[in-house]
Amino acid sequence: QVQLVESGGGLVQPGGSLRLSCAASGTRFSLYVMGWYRQAPGKQRELVATITSGGSTNYADSVKGRFTISRDNAKNTVYLQMNSLKPEDTAVYYCKARWPTLDYWGQGTQVTVSS
(Lines give C-alpha, C1' and ligand atoms only; values in the text may rest on other atoms or scores of the structure.)
Protein backbone atom coordinates (compact mmCIF):
# COMPACT_ATOMS: atom_id res chain seq x y z
CA GLN A 1 0.00 0.00 0.00
CA VAL A 2 1.33 3.39 -1.07
CA GLN A 3 0.03 6.47 0.70
CA LEU A 4 0.31 9.90 -0.89
CA VAL A 5 -0.25 13.30 0.70
CA GLU A 6 -0.39 16.46 -1.40
CA SER A 7 0.26 19.95 -0.11
CA GLY A 8 0.93 23.44 -1.39
CA GLY A 9 -2.35 24.30 -3.03
CA GLY A 10 -4.15 27.55 -2.48
CA LEU A 11 -5.40 30.76 -4.04
CA VAL A 12 -3.10 32.63 -6.39
CA GLN A 13 -3.54 35.50 -8.83
CA PRO A 14 -3.16 34.99 -12.58
CA GLY A 15 0.50 35.06 -13.50
CA GLY A 16 1.53 33.85 -10.08
CA SER A 17 3.30 30.68 -9.01
CA LEU A 18 2.75 27.75 -6.68
CA ARG A 19 4.75 24.67 -5.84
CA LEU A 20 2.87 21.51 -5.02
CA SER A 21 4.44 18.70 -3.03
CA CYS A 22 3.48 15.05 -2.78
CA ALA A 23 4.96 12.97 0.02
CA ALA A 24 4.88 9.22 -0.52
CA SER A 25 5.21 6.31 1.84
CA GLY A 26 7.41 3.30 1.28
CA THR A 27 11.05 2.41 0.92
CA ARG A 28 10.94 1.94 -2.85
CA PHE A 29 9.95 5.47 -3.81
CA SER A 30 12.83 5.71 -6.25
CA LEU A 31 11.16 2.97 -8.30
CA TYR A 32 7.70 4.56 -8.40
CA VAL A 33 6.47 6.22 -11.55
CA MET A 34 4.96 9.47 -10.32
CA GLY A 35 2.48 11.83 -11.88
CA TRP A 36 0.36 14.89 -11.34
CA TYR A 37 -3.21 15.02 -12.60
CA ARG A 38 -5.92 17.61 -12.25
CA GLN A 39 -9.68 17.75 -12.41
CA ALA A 40 -11.69 20.91 -12.90
CA PRO A 41 -15.39 21.03 -12.02
CA GLY A 42 -17.48 19.21 -14.61
CA LYS A 43 -14.44 17.95 -16.50
CA GLN A 44 -12.49 14.73 -16.76
CA ARG A 45 -9.34 14.18 -14.79
CA GLU A 46 -6.41 14.96 -17.04
CA LEU A 47 -2.71 14.29 -17.04
CA VAL A 48 -0.53 17.24 -16.11
CA ALA A 49 2.94 15.72 -15.88
CA THR A 50 4.72 12.45 -15.18
CA ILE A 51 8.21 11.50 -14.12
CA THR A 52 9.72 8.03 -14.30
CA SER A 53 12.14 6.38 -11.93
CA GLY A 54 14.86 7.35 -14.39
CA GLY A 55 13.84 11.00 -14.36
CA SER A 56 12.20 11.18 -17.77
CA THR A 57 9.35 13.70 -17.84
CA ASN A 58 6.22 14.20 -19.86
CA TYR A 59 3.86 17.18 -19.88
CA ALA A 60 0.46 18.05 -21.17
CA ASP A 61 0.65 20.59 -23.97
CA SER A 62 -1.43 23.00 -21.91
CA VAL A 63 1.25 23.27 -19.21
CA LYS A 64 4.45 22.72 -21.18
CA GLY A 65 6.88 25.54 -20.58
CA ARG A 66 5.06 26.69 -17.45
CA PHE A 67 5.08 23.66 -15.14
CA THR A 68 8.00 21.52 -14.03
CA ILE A 69 7.79 18.13 -12.35
CA SER A 70 10.70 16.90 -10.26
CA ARG A 71 11.43 14.36 -7.56
CA ASP A 72 13.66 14.09 -4.53
CA ASN A 73 14.11 10.41 -3.82
CA ALA A 74 15.87 11.10 -0.51
CA LYS A 75 12.70 12.81 0.71
CA ASN A 76 10.19 10.48 -0.95
CA THR A 77 8.66 13.57 -2.52
CA VAL A 78 7.58 14.68 -5.97
CA TYR A 79 7.03 18.35 -6.80
CA LEU A 80 5.10 20.35 -9.34
CA GLN A 81 6.38 23.87 -9.85
CA MET A 82 3.64 25.91 -11.49
CA ASN A 83 4.50 29.29 -13.02
CA SER A 84 2.53 31.79 -15.07
CA LEU A 85 -0.69 30.38 -13.70
CA LYS A 86 -3.91 30.96 -15.60
CA PRO A 87 -7.54 30.77 -14.47
CA GLU A 88 -7.82 27.65 -16.64
CA ASP A 89 -5.37 25.94 -14.28
CA THR A 90 -7.95 26.03 -11.50
CA ALA A 91 -8.60 22.44 -10.44
CA VAL A 92 -8.02 19.86 -7.78
CA TYR A 93 -4.53 18.51 -8.32
CA TYR A 94 -3.87 14.86 -7.56
CA CYS A 95 -0.63 13.00 -7.07
CA LYS A 96 -0.38 9.47 -8.44
CA ALA A 97 2.11 6.68 -7.91
CA ARG A 98 2.38 3.49 -9.91
CA TRP A 99 4.00 0.57 -8.15
CA PRO A 100 4.59 -1.92 -9.52
CA THR A 101 1.47 -2.25 -11.68
CA LEU A 102 -1.17 -0.60 -9.49
CA ASP A 103 -2.05 3.07 -9.28
CA TYR A 104 -2.30 4.92 -5.99
CA TRP A 105 -3.86 8.35 -5.61
CA GLY A 106 -3.62 11.13 -3.09
CA GLN A 107 -6.66 13.00 -1.84
CA GLY A 108 -5.88 16.08 -3.88
CA THR A 109 -5.14 19.72 -3.20
CA GLN A 110 -7.16 22.65 -4.50
CA VAL A 111 -5.50 25.21 -6.75
CA THR A 112 -7.53 28.31 -7.52
CA VAL A 113 -6.24 30.96 -9.92
CA SER A 114 -8.33 34.09 -9.62
CA SER A 115 -8.13 37.83 -9.17
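1. The chain has zero helices and eleven strands, where helices (H or I, at least four residues) and strands (E, at least two) are DSSP runs numbered from the N terminus. This is a predicted model, in which local features need pLDDT of at least 70 and side-chain atom pairs count only at pLDDT 80 or more, while totals for chains, interfaces and linings use all residues. Residues are numbered from 1 along each chain as its sequence is written, and side-chain values use heavy atoms, with hydrogens and water left out.

2. Strand β1 covers residues 4–7; Leu4 and Glu6 lie on its covered face, Val5 and Ser7 on the uncovered one. In a regular strand the side chains alternate between the two faces of the sheet.

3. β1 runs antiparallel to strand β3 (residues 18–24), and four bridges join the two. Valine 5 has alanine 23 of β3 as its bridge partner.

4. The largest nonpolar core comprises 31 residues; such a core is a set of buried (under 20% relative accessible area, 1.4 Å probe, protein chains only) Ala, Val, Leu, Ile, Met, Phe, Trp, Tyr and Cys residues joined through side-chain atoms within 4.5 Å. Among the residues with the most contacts inside this core are Leu4, Met34 and Trp36. Strands supplying at least two residues each include β3, β4 (33–39) and β9 (91–98).

5. Leaving aside neighbours within four places in sequence, methionine 34 is in contact (heavy atoms within 4.5 Å) with residues including Leu4, Cys22, Ile69, Val78 and Cys95.

6. Of the 115 residues of the chain, 42% count as buried. The C-alpha trace spans about 40 × 25 × 20 Å along its principal axes.

Notes. Buried < 20%, exposed > 50% of the residue type's maximum accessible area, 1.4 Å probe, protein only. Pairing = 2+ DSSP bridges.
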